[in-house]
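Take a walk through the structure below.

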There are 2 protein chains.
Amino acid sequence: MKLFEKIKLDKDVSSQHLYIQLYKALKGFIVEGKLKKGDRLPPIRKLSEMLEVNNVTVVSSYRMLEEEKLVYKKIGSGTYVAFDLHNNEGFDHGPKTSLIEQGHIQLEKNTINFASATPSTDLFPVDDFKEVLNEVLDRDKGSAFGYQESQGYYPLRLALKEYIDNYNIITDINNIQIISGAQQGIDIIAKGLLNYGDYVMIEGPSYRGAMAVFESRGAKIIDIPLEKDGLNLQDLEKKIIAYQPKFLYMMPNFQNPTGISYSLEKKKKILEIAEKYHLLIVEDDYLSDLNFYNNENITLKSLDHKDLVIYIKSFSKILMPGLRLGFLVVPRLVYGEVLLAKHTTDISTSGLLQRALELYLKKGTWQQHIRYMGTQYMERFEAMVRSIKEYMPQEVEYTLPKGGVNFWFKLPKGLSSKELYEMTVKQKIVFAPGHLFFLNNKETSYFRLSTAAVNVDEIKYGIKELSDMINVFMRKENHHSTQTNEYTPIL
Amino acid sequence: MKLFEKIKLDKDVSSQHLYIQLYKALKGFIVEGKLKKGDRLPPIRKLSEMLEVNNVTVVSSYRMLEEEKLVYKKIGSGTYVAFDLHNNEGFDHGPKTSLIEQGHIQLEKNTINFASATPSTDLFPVDDFKEVLNEVLDRDKGSAFGYQESQGYYPLRLALKEYIDNYNIITDINNIQIISGAQQGIDIIAKGLLNYGDYVMIEGPSYRGAMAVFESRGAKIIDIPLEKDGLNLQDLEKKIIAYQPKFLYMMPNFQNPTGISYSLEKKKKILEIAEKYHLLIVEDDYLSDLNFYNNENITLKSLDHKDLVIYIKSFSKILMPGLRLGFLVVPRLVYGEVLLAKHTTDISTSGLLQRALELYLKKGTWQQHIRYMGTQYMERFEAMVRSIKEYMPQEVEYTLPKGGVNFWFKLPKGLSSKELYEMTVKQKIVFAPGHLFFLNNKETSYFRLSTAAVNVDEIKYGIKELSDMINVFMRKENHHSTQTNEYTPIL
């Protein structure tokens, strides 16, 4: 209580209202970090006695803090500081988690987070990046803060061209477009290519963030069902003929949310179909770097001899999401549209961060970091596979992925993962309910678990707990007995 | 030539083609900064002799470099390096300059640039920013690189709320949305509010970057003519009734391109009209901080008691464009739409830069910097006013602004500023031709001069030269004699 004794209120009648003075003093404590997330504010009576003010004064000041979401009330328990200002990880607005209620779940402390596909911040190469940032500032001075070219900082594009050379993606520097993360890549592609009423094709299920962009452009979305080795080709071809879509958006390696990887054969066939119908493909390569067991882990773009694939590469998963950096490889055919869309969207991506990334790539610590991330993610992957095999009820169907961070499950028919979520979140385990990944939320029995934000211990404990809860859930819903022997394909 | 003697080519037949080896070696020199912008490559015969290879090998390697725009040929003079990789200011892709040919003018060295409204990089507080970046990284570690909340880093929003308190804009932290620059602000507002076919109103003339966004959404744009004290109110009201627009986009202080500031009376009347018709207003406040002589320099938002104004504030002009940071104050009514649009656009703005800005604001060096920028810009402003009064031909009409960086001129009737531009660019003086700021490029006699990227000496010399050229241009076009006495209002 020492802290609160320091509060000095000016009780002169000409001064500001007492409750505003008190509100400001408390807010100051939170802003300066003297009060941290989870700290309890003094009981109202106690603080009013200490400061010799009316109860109402304290109540009003607490209410103002509450309105600003700086504190929250727990009934019967008191008023608590809502979060730590500088370490605000309680809010996870990652692209996948954010799907749950449009990005505003606030997780309770010690929640096991299988929902987030965002890597935990302890894996980031902060020191290396600090070093390159300082080098860039010393080297480039003010230029680092000027407007950068819309297409992106030239040396970075050069470095990226060389980087993807290693993955057999051969392109010209002029076809590389720097973006502020993969989400922006999808956004500017849509802006450049889609007009109101156009058709666009996606995998079913797919990434919600992409659907939201296409919807926002007034496009009509068609989904093509996924099979274990990729899209259903008959359905794809039929729908291309029927709808003449502007492009097909897909994730051929470790697809989100299903984790599946396309077979090499299917990748090639899709490119043949694309050529036959002059169909553009948008390939979202969000984590092909995290390959563990897929011996056909190559990008569509590296097979794209007809220059029909727009390739999106993000650094969010393997480097750091907060960088907000990625790049596109854009076919000559649509290059102008995409560049213009980038310009109208935000003129350019931060030059400072682009310059830092360029230096980081040049220094080669990059390879080292990828290996490190690979090891970390692989440990989690293995723990996940073991735990699933050991604990997951046999009524729950799944196909194990060959890499990446996403695992996809199907509850017995009739059971809703949304309802399961309601139950597990109370026990501090969260995941991504499957309806979020389907057009019109039409399927409810699937769910996705991600290993990106959980460590090995959390995985072992979490999968065991979750499996127990699924068992309880199935019994409660009275479904497990009728469903166990019925086979429905997971994909 | 010493540098080129170092090139080692592997002439074994099993090796890579010689011209590719040579291309790679030369590219290496450019990337590493050993060859700089403007450096001439050796004549073809000379290099081929030195390396004992065929002329064709050298020609082919030069051609590859040329295709990547790393070098350019000057007929009869040789092949030159196209630019300095780390100090790439030759390309100016600022939002205004970029209007000329969609963002791709490459200025010759020593060009006097009245076209760019982007501050010269020597004005940036690089050292202060370096300090806060390092403090943030030491303090927050990996958290600085995690996904940030879509709405923006909470402490930054808190700091901005307090900052605009000083400008009498009273708002809740929850109504502040962090954006990656003003252009993104316009983009997400459009995405959140505009549907295909909606009407939207702008000032005529206005900022091209905003028109491009509205067009991209499939909106229909209506322009309202500007008068010396702001929009023509009769026309505004008439068109609101006729078109029922979704919102009005405007810049009430130091408007771009005209430099005019609305009278306080007109600001109030516009808010009354907005209330009467439930019209939303988007106020783009891009440089009200650079006020020199306007005693009614207040924002519309500070007068907005009905919460109808979406306020856009950019830090590009007064701090550093490369930061790509700004914020919105969003009325309660449309808050959800705008937040969602931000999320689909790029998930969030770089957390590292947000954290650095927060610390920078807290340290208060900010006020100092604003004063410094104010002094710098005012010197340029005064030099501009003096030079215009001294040199500008009397046939050219203008109204002097009371602050900011933009000056707006009108050539005698029938004369096109596009043609004038063709003439001046050859003499290394550029400006922004007026058609760029009008819907359908319908007016051609206006032009805009900006003081953002030119120093006092350049202004004095440049305005004198430009004035001379305008005199020549008018004589050549045979218009000056018939036009001098005819008055047409500049706005």
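Chain B and chain A bury about 6,700 Å² between them. Carbon and sulfur atoms carry 60% of that area. Buried area here is the accessible area (1.4 Å probe) that two parts lose on being put together, summed over both. The model is predicted: local features need pLDDT of at least 70, side-chain atom pairs count only at pLDDT 80 or more, and totals for chains, interfaces and linings use all residues. Residues are numbered from 1 along each chain as its sequence is written, chains are lettered from A and ligands numbered from 1 in the order in which they are written, and side-chain values use heavy atoms, with hydrogens and water left out.

Which residues make the contact? Chain B gives 83 residues and chain A gives 83 residues, where contact means heavy atoms within 4.5 Å. Of the interface residues of chain B, 100% are also interface residues in chain A, so the copies meet through the same surface.

The symmetry comes next. Chain B can be laid on chain A with an RMSD of 0.1 Å, by a turn of 180 degrees and a shift of 0.0 Å along the axis. The two copies are thus related as by a two-fold rotation axis. The superposition is by least squares on the C-alpha atoms of residues with pLDDT of at least 70 in both copies. In chain B, the residue closest to the rotation axis is B:Tyr196, at 3.3 Å (C-alpha).

A:Lys130 and B:Asp138 meet in a salt bridge through their side chains (2.5 Å, N to O). Several helices of chain B give two or more residues to the side that touches chain A, including H2 (18-31), H5 (126-140) and H12 (351-363). H5(B) gives the most, with 9 residues. Helices (H or I, at least four residues) and strands (E, at least two) are DSSP runs, numbered from the N terminus.

Now the core. In soluble globular proteins, nonpolar side chains tend to be buried together. The largest nonpolar core has 220 residues. Such a core is a set of buried Ala, Val, Leu, Ile, Met, Phe, Trp, Tyr and Cys residues joined through side-chain atoms within 4.5 Å. A:Phe129 is among the members that touch the most others, as are A:Phe214 and B:Phe214. Not counting residues up to four places away in sequence, A:Phe129 touches A:Leu319, A:Met320 and B:Phe145, among others.

Over all chains, the salt-bridge count comes to 46. B:Lys266 and B:Glu227 form one of them (2.8 Å, N to O). The pair links distant parts of the chain, 39 residues apart: B:Lys266 lies in helix H10 (residues 264-277) and B:Glu227 in strand E6 (residues 220-227) of chain B. B:Lys266 is buried, at 8% relative accessible area, while B:Glu227 is partly exposed, at 29%. Buried means under 20%, exposed over 50%, and partly exposed in between (1.4 Å probe, protein chains only).

Helix H10 of chain B also holds B:Lys269 and B:Glu265, 4 residues apart, about one helical turn. Their side chains meet in a salt bridge (3.0 Å, N to O). B:Lys269 is partly exposed, at 36%, and B:Glu265 is exposed, at 53%.

Definitions and conventions
A salt bridge is a side-chain nitrogen of Lys or Arg within 4 Å of a carboxyl oxygen of Asp or Glu.
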